[in-house]
Amino acid sequence: MDNARVQLRRLDEDLTAALLDAAVADADPAEVMPAVPGPPGWTADRRAAFLAFHHEWAATPTTYAILVADRVVGAARLQPAPEAPDDALEAGLWIGRSHRGQGIGHAVVALLRAEAKSQGATRIVASTTETNTAAQRLLTTAGADLHHRPTPDPNGDTIKATLDVD
Ligand SMILES: CC(C)(COP(=O)(O)OP(=O)(O)OC[C@H]1O[C@@H](n2cnc3c(N)ncnc32)[C@H](O)[C@@H]1OP(=O)(O)O)[C@@H](O)C(=O)NCCC(=O)NCCS
């Protein structure tokens with residue numbers, strides 16, 4: 001991936017609409033938003049909840065659309081977290097399925113690192129699950145320390161990652 005083609009842009013209302021289109025076309029709801037009861041897939045309730053959820057996020061300066069060659073392909077966030085130490089920001093991201101495995105995740109982590117540093121943080125923390133091999137690879141290659149937290153969940157232990165921004 002040519003990293004220069006990958007950009008983070010602060011989420012606004014227009015980008016939120018484009019993000020919903022990208023999510024519906026290219027991601028499973030469970031990968032990109034909190035659980036909403038009902039049948040599987042992108043039901044009307046889930047689309048409405050996605051917009052409401054991101055509407056709240058768009059009001060904060062910490063949520064970004066991920067663009068590749070000016071097209072929205074996913075989202076990332078970087079925000080203070082109650083559980084995180086004061087010098088850390090918590091990161092999360094998702095990328096549409098058809099764009100995965102091309103190095104976009106690595107490019108986004110580099111951008112989040114630079115953004116965290118510019119905001120005065122010295123560390124980024126992130127969470128994933130034992131079954132999420134791609135996220136663990138992404139974080140390990142970036143140099144993160146990974147710790148298992150035993151969790152009674154079908155996806156296995158929670159994995160807590162800490163990454164220095166330098
Ligand atoms: C996790 C995620 C962001 C990775 O993004 P990506 O653009 O595919 O990542 P990259 O192409 O930069 O690859 C990162 C690493 O994961 C590996 N990888 C990618 N897809 C993989 C897969 N399906 N299985 C195993 N490894 C995989 C790559 O080979 C690469 O390994 P390396 O570091 O040894 O080179 C993406 O899979 C995703 O959006 N998943 C759903 C949401 C999610 O899990 N978010 C993470 C929460 S922390």
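**Entry 1: ground rules**

I number residues from 1 along each chain as its sequence is written. The model is predicted, so local features need pLDDT of at least 70, side-chain atom pairs count only at pLDDT 80 or more, totals for chains, interfaces and linings use all residues, and side-chain values use heavy atoms, with hydrogens and water left out.

**Entry 2: confidence**

I looked up pLDDT, the predictor's confidence in each residue, from 0 to 100. The mean for the protein is 93, and 100% of its residues reach 70 or more. I then went through the elements; helices (H or I, at least four residues) and strands (E, at least two) are DSSP runs, numbered from the N terminus. Helix 3 (residues 44-58) has the lowest mean pLDDT among the elements, at 90. Helix 5 (residues 133-141) has the highest, at 97.

Why is strand 4 largely enclosed by the rest of the structure? I found that 6 of its 8 residues (88-95) are buried, so the strand is largely enclosed. Buried means under 20% relative accessible area, exposed over 50%, and partly exposed in between, with a 1.4 Å probe and protein chains only.

Next I looked up the pairing of strand 4; two strands pair if DSSP finds at least two bridges between them. I picked out L78, whose bridge partner in strand 4 is A91. With strand 5 (residues 123-129), strand 4 pairs in the parallel sense over 3 bridges. Here L89 stands opposite I124 in strand 5.

Strand 4, helix 4 (residues 104-118) and strand 5 make a right-handed β-α-β unit. Right-handed means that, with the strands pointing away from the viewer, the path from the first strand over the helix to the second runs clockwise.

In helix 4 I looked up A107. A107 is buried, with a relative accessible area of 3%. A107 and S118 are 11 residues apart in sequence, and their C-alpha atoms are 17 Å apart in space.

**Entry 3: strands 5, 6 and 7**

Strand 5 also pairs with strand 7 (158-164), in the antiparallel sense over 7 bridges. I noted S127, which stands opposite K160 in strand 7. Strand 6 (145-149) pairs with strand 7 as well, antiparallel over 5 bridges. In that pair R149 stands opposite T158.

T128 has its place in strand 5. T128 counts as buried because its relative accessibility is 9%. A polar contact of 3.3 Å joins the side chains of T128 and N132. A polar contact is a pair of N or O atoms within 3.5 Å; within protein, one must be able to donate a hydrogen and the other to accept it, and residues adjacent in sequence count only if both atoms are side-chain atoms.

**Entry 4: the ligand**

Which residues come nearest to the ligand? Of the 18 residues around the ligand, they are I95, G101, G103, N132 and T141. A residue counts as near if one of its heavy atoms lies within 4 Å of the molecule.

A backbone N or O atom of G101 lies 2.7 Å from an oxygen atom of the ligand. For G105, the corresponding distance is 2.8 Å, and for A134 it is 3.5 Å. Taken alone the ligand exposes 930 Å², and the protein buries 71% of that. These areas come from the Shrake-Rupley method with a 1.4 Å probe; for residues, only the protein chains shown count as cover.

**Entry 5: loops and the end segment**

Between strand 2 (63-68) and strand 3 is a loop that holds A69. Phi of A69 is near 50°, a positive value in a residue other than glycine. A69 counts as partly exposed, at 45% relative accessibility. D70 lies in the loop between strand 2 and strand 3 too. Its phi is positive, about 70°, although D70 is not a glycine. Is D70 buried or exposed? D70 counts as exposed, at 59% relative accessibility.

T151 lies in the loop between strand 6 and strand 7. T151 counts as partly exposed, at 27%. T151 and T43 are 108 residues apart in sequence and 29 Å apart in space, C-alpha to C-alpha.

My last entry is D166, in the segment after strand 7. D166 is exposed, with a relative accessible area of 70%. The C-alpha atoms of D166 and L146 are separated by 17 Å.
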